[in-house]
Amino acid sequence: MSASVPDTVRQMKTECTFCGRHFEVPVEYNGGTADCTSCGKTFVIAPRASHLLDGLNPEQIDAVTAPEGYVRVIAGAGTGKTRVLTRRLAYLIEELHIPADEILSVTFTNKAAREMDYRIRHLLGDSVRSRVSTFHGFCNTVLREDIHHLFYPNSFTIMDEEDQKLLLREIYAEMGLSSRDFSYKEVKSAISLFKKDTGYVADVVSPDASALRQGLSGEPMPRIIGAYLWKQRKNYFLDYDDLINFTLYLFATDTGVCGKWQDRLRYIQVDEFQDVNASQYELVTLLSGKHGNLFVVGDPDQTIYEWRGASVRFFLDFPAEKTVLLHRNYRSTPEILNTSNNLISHNKWHIENPLDALKERGVTPVFFSADWEHSESDWISRRLQEQHAKRPYSDCAILCRSLFLTRKIEEALVRKSIPYHIYNGTDFYKRQEIKDALCYLRLADGDDDLAFLRVVNTPRRGMGKKRISMLKEVAERDGVSLFRALSSLIGDRMFCQCSDFVALVERSRQQAAAGEAVSELLNAMLKDSGYEAAVMFEGDQDRKNNLEELKHAVYNLEKEAGEPVSLHDYLAQIALYSEREEERGRDSVKIMTIHAAKGLEFPCVFVAGLNEGTLPNSHAIRPEEVEQERRVAYVAFTRAEEELYLSCDNPERFNFSGDKMELSRFVNEIFPTINTEERK
DNA sequence: ATTTTCGAGATTTTT
DNA sequence: TCTCGAAAAT
């Protein structure tokens, strides 16, 4: 492909060393000389921003300084991908003088976004405000500003999975169905499929939304979907799929809004591009449609999210004007890389990009197979104790294909009293008590039926199924929210237990409107509702701590912001913001799934459960699925810096579905490159 | 209205 | 084997 890249002359700032006058000169002059137009003397252009390219290898520099346009960086594991992204961002800001807020960096996780933000501040100083965001976070920003163009309020509510379930449960009740007829999982995937294939957004945002009710009738499943959409629409709920779909629809139908964002974001860079799905791809191409600056980084061999709609083809078919290959691996020893390269080369579908090891020789990966007498988890814990002699436990990680596999390992570690921490993804804002607390706040912010349903009977206020359904009827009849309905019925003896609750919410709403601090509000609501007392009574220390932590988090946020944060803004942010989990467990072994370990690295890595049916997973045995499983294993192996330990459960055993847990084919594929440990 | 019991079903997970 | 959700029992 010979697409000619417009070779814009890039300018950099410099100043005359004699008279101090400021200039812009072409970047190529960096370190050379120039004649001052003011005093006429020849001065040396101080090499600027050389630190931006410090310690980078030629390919990395090539990527960082790549010209504008469509650039693709194929970066193998451990080749400094994140580094390139950060430096590129710094390069754009420092060298090309692009205002930081005209560059959008997209990541997949909040964690990665925070990491990126931290790094760029470290490089350029705290004052730099660059836009680093997840796909969903960015869409949220867009919609909070512009969704009113679709006749939706900017104060829409984001539903998480639990909210979705509540909604479905409600629909089941109305339609007289039970989860036996249709499992939630089934319905959820039907809904997301429906949302993927149709222009449903147009129906949802049309002023009367009548199409929703008429168009979907007859068969139960379409009716469920229709009811779901209708409920969403009625309450202005968006789920995570909607966030991106609405943004796409908005951009497609309103050229003004689309143009505004295109103008605003002159440069876009995307990390982990091998994991984008169709809508995400559409979003970034649309956004970069005007300025045409799209810089994507990824590794086809680390595509492990195909099951949720990702496709590498967007990365492979990327219309790149320039492609840079990174293959110098800084992370792992040659032995570990040898094993990893060996494994991945068994994929038919694979781009030749073997990693070059830069590290010194180390130790050969060790493999252990459990039997009836010697369990896998015992072997791992023995090896861990051995490791502890030379490094802290926190340098070790145990990676599993599935979360439930961690339980057995956990038991063994407890027995040997090895400190550990399981990263199970249930982050702070997903915990029950946190969600309950936030629902109280949501209720103070405005009528929110989901929040209402969640907290109206926690703590118990005698609101069971029957009274709730009565309430729903009244609400439906009068066309008001559940809370309104309840407050109008408060004289009724049946609902008298709730009078305090209603009073509390009313009072809180007034306080919120009067600009009361969120922390005060939260404190008061938790106390007066009796929620805190209920948690205390149940005596679960963890939950108490979590509540305290939430209060602290709110308080800190207010202190940091320096100005009062409105309840509304706070809630709008919170749904997409999940707090750090890192500080936990200082000197403890990290246990996590392979998927969760992506993007991380550890000196010493244990990969457990190398059995057929586990890795590769029994749900993924079609040839192309096995290739993905192989990539999962590849990701696991390449997390290791110095030592890699592989193990499998007793291959003679049978799992719960009656299959023999034979040795994983992946072990056979890498046999020449590993040492097998004898059982003793 | 809440607690107990029984049976089906069973990755990976971000937002 | 374990966990979750809905029917049955209190």
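Let's start with the aromatic pairs: this predicted model holds 19 of them. Rings of Phe, Tyr and Trp (its six-membered ring) pair if their centres lie within 6.5 Å, and planes under 30 degrees apart count as stacked, over 60 as edge-to-face and the rest as tilted. Take Tyr440 and Phe501: the ring centres are 6.4 Å apart and the planes stand at 70 degrees, so this pair is edge-to-face. Tyr440 belongs to helix 17 (residues 432–445) and Phe501 to helix 21 (residues 499–513), so the pair ties together parts that are 61 residues apart in sequence. Helices here are DSSP runs of H or I with at least four residues, strands are runs of E with at least two, and both are numbered from the N terminus.

Are these two residues buried or exposed? Tyr440 has 1% relative accessibility, so it counts as buried, and Phe501, with a relative accessible area of 2%, is buried as well. Buried means under 20% relative accessible area, exposed over 50%, and partly exposed in between, with a 1.4 Å probe and protein chains only.

Next, a quick word on conventions. Residues are numbered from 1 along each chain as its sequence is written, while chains are lettered from A and ligands numbered from 1 in the order in which they are written. Local features need pLDDT of at least 70, side-chain atom pairs count only at pLDDT 80 or more, totals for chains, interfaces and linings use all residues, and side-chain values use heavy atoms, leaving out hydrogens and water.

Back to the rings. One aromatic cluster is formed by Tyr70, Phe273, Tyr281, Phe314, Phe315 and Phe318. Over the face of Phe315 lies Arg72, at 6.0 Å from the ring centre. Elsewhere, Arg308 lies over the face of Tyr305, at 3.8 Å from the ring centre. For a charge to sit over a ring, NZ of Lys or CZ of Arg must be within 6 Å of the ring centre and within 35 degrees of the ring normal.

Finally, which residues are around DNA strand C? They are Lys165, Ser178, Ser179, Tyr184 and Arg407, where near means that a heavy atom of the residue lies within 4 Å of the strand. A polar side-chain atom of Lys165 is 2.8 Å from a phosphate oxygen of DNA strand C.

Methods: Polar contact = N/O pair within 3.5 Å; in protein donor to acceptor, adjacent residues only side chain to side chain.
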